[in-house]
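I opened this model to look up a few local features. My notes follow in the order I made them.

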Amino acid sequence: MWLEITGTCQLTCTHCYADSGPSGTTGAMTVQDWARVIDQAAGLGVGMVQFIGGEPTLHPGLPDLIARVLRHGIRVEVFTNLVHVSPRMWEVFAQPGVQLATSYYTDQAEQHEAITRGRGSYGRTKANIATAVRRSIPLRVGVIDVHDGQRIEQARDELTALGVRGEVRVDHLRGVGRGAGRRRPDVDQLCGQCARDKVAVSPTGEVWPCVFSRWLPVGNVRRDTLADILTGASMAETTENLARRFAGRVRAACDPQCGPNCGPACHPSCWPTGAGPCGPNGGCQPNYD
């Protein structure tokens, strides 16, 4: 389950699917609302919660919400730009059951900051990746391919040199949010796995099949319980329509091209069971593809 707890971010990345930035807000959801959703998710058997934004570390309630998830025995991933991490947040991230995810773009500061539109963001993110490695905090990285001429392979090499041992993979620009430009978002920007053992909740309480299908709300947790939404008519209709649209286009579970860590191109049935090349937990995580 993705919890998009804020639309606020220090950066205004050119491709941001959530269209987040400094003018974003935490929306209508209070910490108590998020706590209620977490409790409901635990009752439904959710295996991992990913906190995302915007930049989730800018939400003052994040440490308490992470603690609540961990008390339920659920794993936590925080998707952060790693531009700024306070001493308190490093201690939160160091807890057993917590892992990090971040985005990276290139090995050149000028090129990186042209994408993030954040002065100094390259140096700060790189330094905090090194800190996470030094603290032995599990970390995976998506190298986002935004435009031609971007130093993708050099970025991957740099991450290896920094000591990143978690999943490092290349993601491609999605036509959602600022990434859509003048185009309207459509289901061709999705991977076809929306609503299959996954769900996302927005800062306003809207529930989406995934964080990318944000124009397809299926309910609101401020009005209804998560269980009622997931078993409701709107979710069933949306899931059926997406399944029909992507029929025949989904890769088989643990497709060999997924590699040793069963990356995001794999069928979700591989993730919770640890079947095939995944191993017990190796790399089988919620992610953006």
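**Entry 1: positive phi**

I began with Ser136, which sits in the loop between α5 and β5. Helices here are DSSP runs of H or I with at least four residues, strands are runs of E with at least two, and both are numbered from the N terminus. The model is predicted: local features need pLDDT of at least 70, side-chain atom pairs count only at pLDDT 80 or more, and totals for chains, interfaces and linings use all residues. Residues are numbered from 1 along each chain as its sequence is written, and side-chain values use heavy atoms, with hydrogens and water left out.

Ser136 has a positive phi, near 60°, and is not a glycine. Most residues other than glycine have a negative phi. I then checked accessibility. Ser136 has a relative accessible area of 61%, so it is exposed. The cut-offs are under 20% for buried, over 50% for exposed and partly exposed in between, with a 1.4 Å probe and protein chains only.

Arg117 also went on my list, with a positive phi of about 55°. I found Arg117 in the loop between α4 (109-116) and α5. Arg117 is partly exposed, at 46% relative accessibility.

**Entry 2: a cis peptide**

I looked up the peptide bond between Gly53 and Gly54. It is cis, with omega about 20°. Gly54 belongs to the loop between β2 (48-52) and α2.

**Entry 3: Glu77**

Is Glu77 buried or exposed? I read 0% relative accessibility, so Glu77 counts as buried. Glu77 is in strand β3 (residues 75-79). I noted two side-chain partners for Glu77. Its side chain makes a polar contact of 2.9 Å with that of Gln99. The side chain of Arg140 makes another with the Glu77 side chain, at 2.8 Å. A polar contact is a pair of N or O atoms within 3.5 Å; within protein, one must be able to donate a hydrogen and the other to accept it, and residues adjacent in sequence count only if both atoms are side-chain atoms.

**Entry 4: Gln150**

Gln150 lies in the loop between β5 (139-145) and α6 (152-162). Its relative accessible area is 9%, so I logged Gln150 as buried. The Gln150 side chain reaches two backbone nitrogens: that of Val146 at 2.8 Å and that of His147 at 3.2 Å. Beyond neighbours within four places in sequence, Gln150 is in contact (heavy atoms within 4.5 Å) with Tyr105, Gln111, Ile115, Ile144 and Asp145. I also checked Tyr105 by C-alpha distance. Gln150 and Tyr105 are 45 residues apart along the chain, and their C-alpha atoms are separated by 7.5 Å.

**Entry 5: aromatic pairs**

How many aromatic pairs does a search of the whole structure find? I got 3. Rings of Phe, Tyr and Trp (its six-membered ring) pair if their centres lie within 6.5 Å; planes under 30 degrees apart count as stacked, over 60 as edge-to-face and the rest as tilted. I looked at Tyr104 and Tyr122. Their ring centres are 6.3 Å apart and the planes are at 35°, so this pair is tilted. Tyr104 is in strand β4 (residues 98-104) and Tyr122 in helix α5 (residues 121-134), so the pair ties together parts 18 residues apart in sequence. Both Tyr104 and Tyr122 are buried.

**Entry 6: the whole chain**

The chain has 9 helices and 9 strands. Buried residues make up 52% of its 289 residues.
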